[in-house]
Amino acid sequence: MTIYDPDAERYEDIDDSSPNEVVNCYAYSRKTGQQIGAVALDDVSKALSNNNQFIWLGLYDPSFQTISEVQNAFDLHELAIEDAFGDHQRAKVENYNNDTIFLVVRTAKLEDNLIRYGTTAIFMGKNYIITIRTGPSNSYAPVREHCHRRPEKLRMGPIFILHAILDFIVDNYIPITDRLGSYLREQERNIFTYEFSKSTLKNLYELKSQLVHMRAVILPVQDICNFFINHKKNDLLSSFPYAAKPYFRDVNDHLLRALDAVNGINEMLSVAMDTYMAMVNMGQNEVVRKLAAWAGILAVPTAVAGIYGMNFDFMPELHWQYAYFVILLLIALLCSYLYYKFKKAHWL
């Protein structure tokens, strides 16, 4: 499966000749897996009556009018339509009367080290599969190319397309985790410093927040994979082939890799934040030790000067000729001794 390059410019493959937001609507032969031809929304009902073919309809940010046409053409459940366009919809899978399977999967795109999320809703029936992309999302043109090169797999029907889309979405999580890991390594240069920087701590916190959100987006997809891997006969369409199970196990393996990467970066980030704060505290403690050491050294001349500033009448050494020089020498020796001791203790 082709993985989306996050450095490449985003491109869309919407058919400009279509009056709606239809990316593609094609019929495929169940016997050969080959593409038969394009199907208009008005002709969908006729095409669905032919059990020797199935339809793949792709939509991108469709309008209410387009969705109404699709709902009527494929007889989709109104609650599923509502969930397909729900804001911040959690990834899930549901079946309706053993005739339609409905999935919602969150897509992710990385822009300037900021993850933006979209939604892909998928309706799968016996003779059709519908994908509806909303929000930030990569084009599914590589998925179609991947499927067209494998007509023998398309003979399994819409379930193979569903696997290819899930695999594409999950595989596109991995470049994001790789980029976030590289960004964390860039920030590590600012971690091992004694100087506190709000920007460094802010960057680490924002990265931590994104990882927590990304984990919450990825984790429910595992339930979707398990649904297809461990399903019961009455949970899915009767046409679901047993041969499709290994493909969803493969998607689950890729998903676990992405989850491991998120958890690993999240753990490294927690250690990095703790290390950064510890380094800042060490730097502050070192400054405090230096100030305390110099305060101890300066306390000697301060104490001596304080004693001889008490203005007592009877202080015999005040009348000694060399008393001033002796006191200065004594102060210098005491200060030098304290400096040596603090230096040896690594306080200076």
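The model is predicted, so local features need pLDDT of at least 70 and side-chain atom pairs count only at pLDDT 80 or more, while totals for chains, interfaces and linings use all residues. Residues are numbered from 1 along each chain as its sequence is written, and side-chain values use heavy atoms, with hydrogens and water left out.

**Stop 1: the whole chain**

Start with a cartoon view of the protein chain. You will find 10 helices and seven strands; these are DSSP runs, numbered from the N terminus, with helices being H or I of at least four residues and strands E of at least two. Of the 348 residues, 46% count as buried. Here buried means under 20% relative accessible area, exposed over 50%, and partly exposed in between (1.4 Å probe, protein chains only). Now think about contacts, meaning heavy atoms within 4.5 Å. Among those between residues at least 6 apart in sequence, 68% join residues at least 24 apart.

**Stop 2**

**Stop 3: two aspartates with positive phi**

Stay with aspartate 75 for a moment. This residue sits in the loop between α2 and α3 (78-84), and its phi is positive, about 55°, although it is not a glycine. Aspartate 75 counts as exposed because its relative accessible area is 66%.

Now select aspartate 61, in the loop between β3 (53-60) and α2 (64-74). Aspartate 61 is not a glycine either, yet has a positive phi of about 45°. With 37% relative accessibility, aspartate 61 is partly exposed.

**Stop 4: phenylalanine 85**

Move to the loop between α3 and β4 (92-96), where phenylalanine 85 is found. Its relative accessible area is 32%, so phenylalanine 85 is partly exposed. Which residues does phenylalanine 85 contact, leaving aside its neighbours within four places in sequence? Show Pro62, Ile67, Ile132 and Thr134 to see them. Isoleucine 132 is 47 residues away in sequence, with 9.1 Å from C-alpha to C-alpha.

**Stop 5: valine 105 in strand β5**

Select valine 105, in strand β5 (residues 100-111). Is valine 105 buried or exposed? Valine 105 is buried because its relative accessible area is 1%. Beyond neighbours within four places in sequence, its contacts include Ala91, Gly118, Leu166, Tyr173 and Ile224.

**Stop 6: salt bridges**

Now look for a side-chain nitrogen of Lys or Arg within 4 Å of a carboxyl oxygen of Asp or Glu, which is what a salt bridge means here. How many are there by this rule? The count comes to two.

- Lysine 92 pairs with glutamate 94 at 3.3 Å, N to O. Lysine 92 is buried at 19% relative accessibility, and glutamate 94 is partly exposed at 27%.
- Arginine 116 pairs with glutamate 111 at 3.0 Å, N to O. Arginine 116 is partly exposed at 38%, and so is glutamate 111 at 32%.

**Stop 7: aspartate 171 and the cysteines**

Go to helix α6 (residues 158-171) and select aspartate 171, which is buried at 5% relative accessible area. Its C-alpha and that of arginine 257, 86 residues apart along the chain, are separated by 9.4 Å.

Finish with the cysteines. A disulfide is a pair of cysteine sulfur atoms within 2.5 Å, and the structure holds zero of them. Cysteine 25 is buried at 6% relative accessibility, and cysteine 225 is buried at 1%.
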